[in-house]
Amino acid sequence: MVLGAVMWQGIRRDADEQGRRQGLAQARVIAEMAVAPSLDGADLEDGLTTSQLEGLRRATELAVFHGSVLRLRVRGFAGQVVFSDDGSTGGGLPVSDADFRAAAQGESRVKVIGGAGQEVIRVVQPLVASASGQALGVLELYLPYEEIAAQMRAQLTSVTERIAGGLAALYLVLALLAGWTTRSLSRYAARQEFNATHDILTGLPNRAAFRSRAESVLAVAERDGGHGAVVLLDLNRFKEVNDTLGHHAGDELLRVVSGRMRAGLDPADVLARLGGDEFAILLPGRDAAQAVAVLERIRSAVAEELVLDEVPLNMEASFGIALYPEHGIELQALKLRADAAMYQGKRGAEDIVVFAGGTAGHPHQWLKIQAELRHALERDELVLWYQPKVGLPDGDINGVEALVRWQHPERGLLPPGEFLPAAEHSGLIAPLTEWVLRRALADQAGWTATGQDWTLSVNVSARNLDAPGFAGYVAALLAETGARPDRLILEVTETALAGDADSAARAVKELGALGVGISVDDFGTGYTSLSHLRGLPIDEIKIDRAFVADVDRDPQSQAIVRSVIELAHGLGSRVTAEGVETPEVHRWLVDAGCDEAQGYLYGRPVPWPQVTVEPITERSTL
């Protein structure tokens, strides 16, 4: 509308200017060609003769007749009308009008006057005699404006049509742009919303989306009495793929594995990537057996061979399951329990583990335990007790195993099962192991000074073996304390050797090169391949108490223990039986050729000055 108003005003101004130019030109022609020749020698102050009036009438009547002149007046300088086309002697511009005075002084004036639809062009100009060039009076002309108005209307119509067409085209373009922009913004908003709730790499729901969905399902389950499972899983040795083949291969692996896992789930199940190689699964309506069955299918799908950068890979995953409402109805508690179960699976032989409870299995307490344990290290609240290891058959003490206890200021003396799982699940295991090594070597110096040449056994975690520079730390500590490397034995669980086999083997070889003894603890409960032991400097293999407790009466345990003894001796290692509690088991182990034994039969863990062993014949069955 503004554009149209501006254009109309412009056209109107152009039309008025055109009317003024046309009026001046036409008035000049009439004055010079018709009026002036008829007035040669006339004096308008005295009036005109009859012949002069007749001449003016003849000269102007054709123009008046055809309408090219609407009104014509010849006036003297005093304003008197000496001639008009209609014969009147009155009317016209007042003498006081500015245009009349200007014309009397020799200046032409033109103006478009009248209302809308009645406009005329008024021209007032000086009248000059043709022969003498002398000013005679004033010529007042009224010329038609209709033709110019028609041209203006036609022009305005044309411009309006052009503007309308242009605006229509503009509106069409704007509509298309608006539509395209709206769709683009909608797609962008949808994409942003998707990205906010999904993992960009795999397209799976992310941590926030999983939490929202799981909390909704759990709320319904709590209200209606539903049940199901929350699962946490991660890929074993994923870091090796990234380190060896590069992050692009790791990304592709995650995409492939995600697709395989998604294909093994029902539409109602939720699979999410929490970050890195960690995933979560929500299985509504499943009990423990059904959840395990689902995860077994997923495990098989994940384990199928895939080729990355021409390298064939077979991936494995560890799964931890927490059931609701059995293990809780809050998502955070369920995730912590599933995480504890998954971690338990990584340490054991099973890669699909259902949370089983227990004191050490309350991961929701781990944050508190970890915080308190940090303070315990700073305040020296930890103590070391030692359990003797006796030689067979004589029963003399050959060495002791250091076992850490926590003198908690509120809960009293805590066994390692109360806090070691929390420590192993965090970075605290490194400073804890360093504290144990340093304190145990100091205690060893104490009993060595009393004449006891016992070896010192210290347990180390898989995290210690994976830590860069661990062997270097042990070497520096031995040099600092002056301890003999051959009197220190580091006990490594079987599952630690089976975890990151390359890293563990490298650390074991470095420690063996120092002269430190290496013991494989809890042998028989993990899933170590014999190829893991080949080539390693293993000095001792400790048979787990699960096979020792009933070895005097169970044929299967007897067969297993005899096989382990034979295997260890074949590898050049000595054998220690753990958990010996009866003289009958002691005698059976002596007959089977076991080298050393350890258990309550010989002595419970105590501070090192209290370590003693009495003859076997004087002990009673526990």
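This is a predicted model: local features need pLDDT of at least 70, side-chain atom pairs count only at pLDDT 80 or more; totals for chains, interfaces and linings use all residues.

User: How many aromatic pairs does a search of the whole structure find?

Analyst: Let's start with the overall count. Searching the whole structure turns up aromatic pairs, and their number is four.

User: How are the rings of Tyr-386 and Trp-447 arranged?

Analyst: Their centres are 5.4 Å apart and their planes meet at 85°. Planes over 60 degrees apart count as edge-to-face. With that angle, the pair is therefore edge-to-face.

User: Where in the chain do Tyr-386 and Trp-447 lie, and how many residues apart are they?

Analyst: Tyr-386 belongs to strand 13 (residues 382-391), while Trp-447 belongs to helix 12 (residues 429-449). The pair thus links distant parts of the chain, with a separation of 61 residues.

User: Is Tyr-386 buried or exposed?

Analyst: The relative accessible area of Tyr-386 is 0%. Buried means under 20%, so Tyr-386 is buried.

User: Which residues form one aromatic cluster with Tyr-386?

Analyst: Trp-447 is one of the members.

User: What kind of pair do Trp-406 and Phe-419 make?

Analyst: The ring centres of Trp-406 and Phe-419 lie 5.6 Å apart, and the planes stand at 90°. Trp-406 is buried at 1% relative accessible area, and Phe-419 is buried at 0%. Because of the angle between the planes, the pair is edge-to-face.

User: Which ring does the charged end of Arg-604 sit over?

Analyst: The charged end of Arg-604 is 4.0 Å from the centre of this ring. The ring belongs to Tyr-600.

User: Which residue does a cis peptide bond join to Tyr-324?

Analyst: Omega of this bond is about 10°.

User: Where is Pro-393, to which the peptide bond from Leu-392 is cis?

Analyst: The bond from Leu-392 to Pro-393 has omega near 10°. Pro-393 is placed in the loop between strand 13 and strand 14.

User: What is phi of Asp-309?

Analyst: Asp-309 lies in the loop between strand 9 (306-308) and strand 10 (311-313). At 46% relative accessibility, Asp-309 counts as partly exposed. Phi of Asp-309 is positive, though the residue is not glycine, with a value near 50°.

How values were computed: Residues are numbered from 1 along each chain as its sequence is written. Side-chain values use heavy atoms; hydrogens and water are left out. Rings of Phe, Tyr and Trp (its six-membered ring) pair if their centres lie within 6.5 Å; planes under 30 degrees apart count as stacked, over 60 as edge-to-face and the rest as tilted. Helices (H or I, at least four residues) and strands (E, at least two) are DSSP runs, numbered from the N terminus. Buried means under 20% relative accessible area, exposed over 50%, partly exposed in between (1.4 Å probe, protein chains only). A charge sits over a ring if NZ of Lys or CZ of Arg is within 6 Å of the ring centre and within 35 degrees of the ring normal.
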